[in-house]
Amino acid sequence: SLSQDSSVFVFPRAQAGKPLIGFGGSFTEAATVSLRKLGKETWDEVMKAYFDPDHGLGYTIGRVHIGSCDFSESSWTCGDLQEGDHELKNFSLDYYETLDILPMIRQAAAIAKEPIQLLASPWSPPPWMKTKRQFHGDGHLLESCRGVWALHYVKFVQEMAKRGAPIWAISVQNEPEASQIWESCIYTATEERDFIRDHLGPTLHENGLADLKVLFWDHNRDGMLERAAITYADAEAAKYIWGMCWHWYGDPRFESWPPRHEVSYSDRQQGEKRIFELKGRAGFDNVRKVAELRPDKHLIFSEGCQELSGRPLSQLMGDWKLGERYALNIINDLNSGCEGFIDWNLCLDETGGPNHVGNTCSAAVICDSVSQRARYQPIFWYIGHFSRYIQPGARRVACSTSRDTLEVTAFLNVDGKLSVVVMNQSDLEESFWLKIATEDGPEPFTAAWIDAPARSIVTLVADDQVAEDPSVLERIRGVFTTTTSDAPPLEPWQRHSQ
């Protein structure tokens, strides 16, 4: 085949970026409340579907909120934290036991057969620590409370470890530039930088937590390069920082709130029909730019979901485009240097909640309390095309596609197996040559003809000798395809393998 034929080219020897940390989801109050309503049998089913390394998505990382968030049933703190108590004498995580958040985390680790690497993020300090004495809104952390708030992270990490849920990383603040009607706290770039440098970093080190990963930003891609440049420019702050995390919000193709611009074209093949492309503030390139700015630091995607924006969740149940949104983001971010992907709520109920301010969303698993069923959404299956076949420790390898409709990423796993994920969002089938560069063979690459049906995602897993033995593509371990015509059962993987 020629270079310009429809093809995906993979060059396994050209490895880039850092080893993959893993995929996961968030242990929220809403997740436990919604899943608990379906009873223990379904609870266990869903947990295995997410965390079982052999028959589930194989999740190995996750996120937990420090104190309440919008996906809580009310606003609360970690214990009865009295104003002026800078020793946090009443700090407690008993409520995490009551809410089943801690039991859920411990069960996840047992199913995964390894501790879940947990990122912990606060939505708001206790109101008395803020310039506006309330959980929500545009209040900032009081300068006089920076020390006690830094101590709060220490208490949280230490107590979680005692309860069998060790924390792997913390972020300074969820969405530090968002003034919301739910829990929020504003940090300018210099405020967040200075808090890390003068309070959080030193306090963690003084309390034996120097190995805890500290991340900053935890907001959308649009502002991440500016935030990174300001924060990393301070060497004293940067020495405490492991990396940066971000969210995906701001894409007008999926959301009602961001500013939108139409870029018009005339379709030369459809009688000059006017078409347009939507532009907003998704900022995909900014991940790569931050990776280039500080290649010694790390990058984690920490939150994404589909906001309902007033629509009933029933309108989005089974919507294939939501799965495609996930894959679009995962492919772009992985190719830009992302080392881990954390979905938002593991589960939500049939309304897209509970959420104490009505900020309802979708999730990969919807717990329908009416039918008493866990309903696995296209999001779930799309994430599985990555998480089941790209293992922790895998290295991204160079890959390209000759057709814009084919979106691709490729990783070489620790065991030597090559995983290639290809998505076709178009309404037309696009078959292609999968070409894998050989090292010493008689041909520069070995090739196989692959079908990418309309509206599909395909994962190809090749033998560990693929770069040396041209015949290996005849023994591709698996071609896993999911399309809009599928209504997958709990375990679709064998059904789709060829």
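In which sense do strand β8 and β9 pair, and over how many bridges? In this predicted model, strand β8 (residues 213–220) pairs with β9 in the parallel sense, and five bridges link the two. Along this pairing, Phe216 stands opposite Met244 in β9, and His219 stands opposite Trp246. Strand β9 is also joined to strand β12 (residues 298–303) by five bridges, and these two strands run parallel. Here Gly243 has His298 of β12 as its bridge partner. Strand β8 is in turn joined to strand β6 (residues 167–171) through three bridges, again with the strands running parallel. In that pairing, Ala169 stands opposite Lys213 in β8.

Strand β8 is mostly covered, with seven of its eight residues buried.

A separate description applies to strands β14, β15 and β16. These three strands form an open sheet in the order β14-β15-β16, with mixed pairing. Its edge strands are β14 (347–349) and β16 (373–376), each of which pairs on one side only. From one strand to the next, the twist averages 30°. Strand β15 (residues 365–368) is joined to β16 by four bridges, and the two run antiparallel. Within this pairing, Ile366 has Arg375 of β16 as its bridge partner. Helix α1 (residues 29–36) lies across β14 and β15 and runs at about 60° to β14. The loop between β14 and β15 contains Pro354, and the peptide bond from Gly353 to Pro354 is cis, with omega near 0°.

In soluble globular proteins, nonpolar side chains tend to be buried together. The largest nonpolar core of the model has 121 residues, and Tyr50 and Phe156 are those with the most contacts inside it. Leaving aside residues up to four places away in sequence, Phe156 touches Val64, His65, Ile66, Cys78, Phe91, Leu93, Tyr96, Ala120 and Ile167.

His86 is partly exposed, with a relative accessible area of 38%. Residues touched by His86, not counting those up to four places away in sequence, are Trp128, Ser144, Cys145, Val148 and Leu151. His86 and Trp123 are 37 residues apart in sequence, and their C-alpha atoms are 20 Å apart in space. Leu88 is buried, at a relative accessible area of 1%. Although Leu88 is not a glycine, its phi is positive, at about 55°. A positive phi of about 50° is also found at Ser309, which is not a glycine either. Ser309 lies in the loop between β12 and α10 (320–336) and is partly exposed, with a relative accessible area of 43%.

For the chain as a whole, the secondary structure comes to 12 helices and 23 strands. The radius of gyration is 23 Å, close to the 23 Å given by the globule rule for 498 residues, so the chain is as compact as a globular protein of that length. The C-alpha trace spans about 75 × 55 × 50 Å along its principal axes. Of the 498 residues, 58% count as buried. The accessible surface comes to about 19600 Å², and carbon and sulfur atoms make up 47% of it. Among contacts with a separation of 6 or more, 72% are accounted for by residues 24 or more positions apart.

Key. Residues numbered from 1 in each chain as written. Predicted model: local features only at pLDDT ≥ 70, side-chain atom pairs only at ≥ 80, totals over all residues. Heavy atoms only, no water. Pairing = 2+ DSSP bridges. Axes fitted to C-alpha atoms, helices over the stretch in contact; angles between N-to-C directions. Contact = heavy atoms within 4.5 Å. Core = buried A, V, L, I, M, F, W, Y, C linked by side-chain atoms within 4.5 Å. Buried < 20%, exposed > 50% of the residue type's maximum accessible area, 1.4 Å probe, protein only. Rg over C-alpha atoms; globule rule 2.2 N^0.38 Å. Areas by Shrake-Rupley, 256 points an atom, 1.4 Å probe, with all protein chains shown as cover.
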